[in-house]
Number of protein chains: 4
Amino acid sequence: MEFVPRFEGYRKKVEESFARQGFMTLINAKLVDVNPGFCEIHIPYDRSLTQQHGFFHAGIIGTVADTAAGYASFSLMEEQSTVLTVEYKLNLVAPGDGELLIGRSNVIKNGRTLKICRSDVFVVKNGEEKLCAAAQLTVMELRKRSDG
Amino acid sequence: MEFVPRFEGYRKKVEESFARQGFMTLINAKLVDVNPGFCEIHIPYDRSLTQQHGFFHAGIIGTVADTAAGYASFSLMEEQSTVLTVEYKLNLVAPGDGELLIGRSNVIKNGRTLKICRSDVFVVKNGEEKLCAAAQLTVMELRKRSDG
Amino acid sequence: MEFVPRFEGYRKKVEESFARQGFMTLINAKLVDVNPGFCEIHIPYDRSLTQQHGFFHAGIIGTVADTAAGYASFSLMEEQSTVLTVEYKLNLVAPGDGELLIGRSNVIKNGRTLKICRSDVFVVKNGEEKLCAAAQLTVMELRKRSDG
Amino acid sequence: MEFVPRFEGYRKKVEESFARQGFMTLINAKLVDVNPGFCEIHIPYDRSLTQQHGFFHAGIIGTVADTAAGYASFSLMEEQSTVLTVEYKLNLVAPGDGELLIGRSNVIKNGRTLKICRSDVFVVKNGEEKLCAAAQLTVMELRKRSDG
């Protein structure tokens with residue numbers, strides 16, 4: 001799907017919002033790409049991000065799916081809007097066993113108030129991407145509210 | 001619901017598994033309570049756990065909902081089993097604005113292979129608990145597999 | 001939770017809306033109870049409502065969970081509003097094997113635009129209720145829109 | 001994704017299972033296509049399938065999403081297996097306003113025990129397809145159990 005952004009400066013707005021998220025700094029998440037209705041985030045492996053078997057924790061996998069969807073949606077919002085995740089649902093389909101986590105999200109319905117997204121999370125091992133989680137998410141546009 | 005654990009040493013098994021999760025250390029999560037089919041986890045507020053408005057990040061809220069459900073389920077599993085989250089769905093119902101996050105999860109169906117849980121996440125502000133998220137989760141018992 | 005309805009005639013409004021749903025007539029669903037933030041619906045067993053093993057079809061189980069949540073939410077809305085399900089998530093926890101299906105839904109968060117509900121679906125066999133599904137749902141209030 | 005079926009007679013097995021579902025007959029659902037890991041189901045509009053505004057009921061939309069996923073998964077199972085929906089999550093993204101409902105589902109992860117699917121539901125109005133719902137589902141293979 002092709003979306004026309006309502007605010008031309010959407011990319012800078014997304015980058016600034018991402019930079020304000022303390023949690024993205026803590027887990028060393030990188031905003032790699034943002035386009036109208038799309039966002040990609042990377043998180044390199046670190047022992048501090050693991051569950052009991054030493055793989056990426058489901059909470060980190062959920063975080064990347066959710067944050068990518070939030071910013072895929074935010075890229076389509078008006079200048080004076082902020083963004084709120086209403087809900088998300090995540091299936092973990094393979095262990096998060098690898099050196100890098102990649103979350104990609106696409107808006108599949110760009111409603112006035114609600115944006116619906118699908119996120120795919122891949123784990124990269126020896127340079128090969130493998131689907132490790134699939135999510136479906138509902139994101140809300142809050143108008144005339146500061147994002148900061 | 002009252003559940004009878006299949007392994008008497010379930011509490012120690014849960015504590016040891018929790019301690020192996022590097023991510024629980026990173027975010028300073030505390031395993032506060034575990035009983036057959038129930039688990040409670042606390043996470044004190046820290047600026048490093050926030051989204052762009054300075055509240056607890058949805059990823060942290062999802063993490064506490066998921067981890068509590070995983071260990072509520074793990075408390076009912078056999079000695080030689082490990083635990084895997086199949087999927088979870090989370091509604092964020094109020095901002096995570098407070099000094100402490102509390103996740104409580106109850107098993108509502110204790111199937112042989114799949115355990116179904118409901119988790120409630122509360123944020124505590126000035127000593128008062130407020131529901132900030134509600135989740136429903138599917139957890140799998142993997143038999144004859146090490147948890148370590 | 002105790003909710004105060006915004007429109008005193010909520011019960012009649014719910015009953016009339018329910019009566020307009022052709023699908024409720026087709027599957028012989030009964031609106032058994034509605035209170036502020038709560039709704040209960042019954043569906044008697046019929047061979048025409050089954051999946052391949054002769055039990056209640058997952059689609060019927062989802063329908064009762066969704067419709068109960070919709071009307072639990074509708075009971076809290078303004079006189080001039082209509083209701084829309086945004087999304088729902090349903091776990092099927094036991095076969096729908098019995099003579100009656102009961103859906104009960106409670107609003108757990110009564111937001112201005114979005115209501116979050118939990119629905120439990122029970123199947124009754126030989127007079128005994130058993131949980132067969134658990135759902136979590138997001139319902140939207142559309143203001144100044146006719147429900148008819 | 002390309003999947004290799006484990007049982008060559010999968011198509012006949014799916015058709016026979018579909019035919020045993022009383023509910024598919026009641027709502028006049030047609031099994032239009034089944035391939036390894038894919039299924040498409042159609043439901044023509046009828047006043048008996050509606051919610052209060054005269055559109056396809058969310059319960060019908062959920063039914064088509066779920067049934068398509070069940071049979072997309074069933075097409076990949078062993079001869080002696082039956083199928084069970086563990087859970088599904090459905091976003092309703094546009095009103096079910098049209099003359100035909102189309103559900104298409106793809107398996108996105110073909111696990112030994114669990115199959116994960118995504119279903120898209122379209123409503124056709126004046127010959128034009130429009131996305132009206134998106135779902136993500138978890139389906140279980142039960143081995144050595146009759147489907148009848």
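Predicted model: local features only at pLDDT ≥ 70, side-chain atom pairs only at ≥ 80, totals over all residues.
**Entry 1: chain C against chain A**

Five residues from chain C and five residues from chain A take part. I asked which element gives the largest share on the side of chain C. It is S3(C), with three residues. By class, I found two nonpolar, one polar and two charged residues on this side of chain C.

Next I looked up how the two copies are related. The contact residues of chain C recur in chain A at 100%, and the same surface serves both copies.

**Entry 2: chain B against chain A**

I turned to the other pair. Here 31 residues of chain B are in contact with 31 residues of chain A. On the side of chain B, four elements each supply at least two residues: helix H1 (10–20), helix H2 (22–26), helix H3 (58–74) and strand S3 (82–92). S3(B) gives the most, with eight residues. I sorted this side of chain B by class and got nine nonpolar, 16 polar and six charged residues.

Strand S3 (residues 82–92) of chain A pairs with S3(B) over five bridges, in the antiparallel sense. I wanted to know which residue of S3(B) stands opposite Lys89(A). It is Lys89(B).

The superposition came next. Chain B falls on chain A by a rotation of 180° with 0.0 Å of shift along its axis, at RMSD 0.0 Å. The two copies are therefore related as by a two-fold rotation axis.

**Entry 3: chain A by itself**

I counted three helices and six strands in chain A. In sequence order the pattern is α-α-β-β-α-β-β-β-β. How does the radius of gyration of chain A stand against the globule rule? The radius is 15 Å, close to the 15 Å that the rule gives for 148 residues, so chain A is as compact as a globular protein of that length.

The C-alpha atoms of chain A fill a box of roughly 45 × 25 × 25 Å along the principal axes. Buried residues make up 55% of the 148 residues. I also looked at contacts between residues at least 6 apart in the sequence of chain A. Of these, 67% join residues at least 24 apart.

**Entry 4: strands of chain B**

I followed strand S2 (residues 38–44) of chain B to its antiparallel partner, strand S4 (residues 100–110) of chain B, and found seven bridges. Cys39(B) has Ser105(B) as its bridge partner in S4(B). S4(B) also pairs with strand S5 (residues 114–125) of chain B, antiparallel and over 10 bridges. There, Val107(B) is bridged to Cys117(B). A hairpin of three residues leads from S4(B) to S5(B).

I traced an open sheet of 12 strands with antiparallel pairing. Its order is S1(C)-S2(C)-S4(C)-S5(C)-S6(C)-S3(C)-S3(D)-S6(D)-S5(D)-S4(D)-S2(D)-S1(D). Which strands stand at the edges? They are strand S1 (30–35) of chain C and strand S1 (30–35) of chain D. Each has a single partner strand, so one side of each is left without a neighbour in the sheet. On average, neighbouring strands of this sheet are turned by 20° against each other, direction ignored.

Inside chain D, strand S3 (residues 82–92) and strand S6 (residues 128–142) run antiparallel, joined by 10 bridges. In S6(D), Met140(D) is the bridge partner of Leu84(D).

Last, I looked at what packs on the sheet. Helix H3 (residues 58–74) of chain C does, and among the strands that this helix touches is S3 of chain D. Its direction makes about 40° with that of S4(C). Helix H3 (residues 58–74) of chain D also packs on the sheet, touching strands that include S3 of chain C. The direction of this chain D helix makes about 40° with that of S4(D).

Note on methods. Residues numbered from 1 in each chain as written. Chains lettered and ligands numbered in written order. Pairing = 2+ DSSP bridges. Axes fitted to C-alpha atoms, helices over the stretch in contact; angles between N-to-C directions. Contact = placed C-beta atoms within 7 Å. Least-squares fit on C-alpha atoms with pLDDT ≥ 70 in both. Nonpolar A, V, L, I, M, F, W, Y, C, P; charged D, E, K, R; others polar. Rg over C-alpha atoms; globule rule 2.2 N^0.38 Å. Buried ≥ 20, exposed ≤ 12 C-beta atoms within 10 Å, placed from the backbone.
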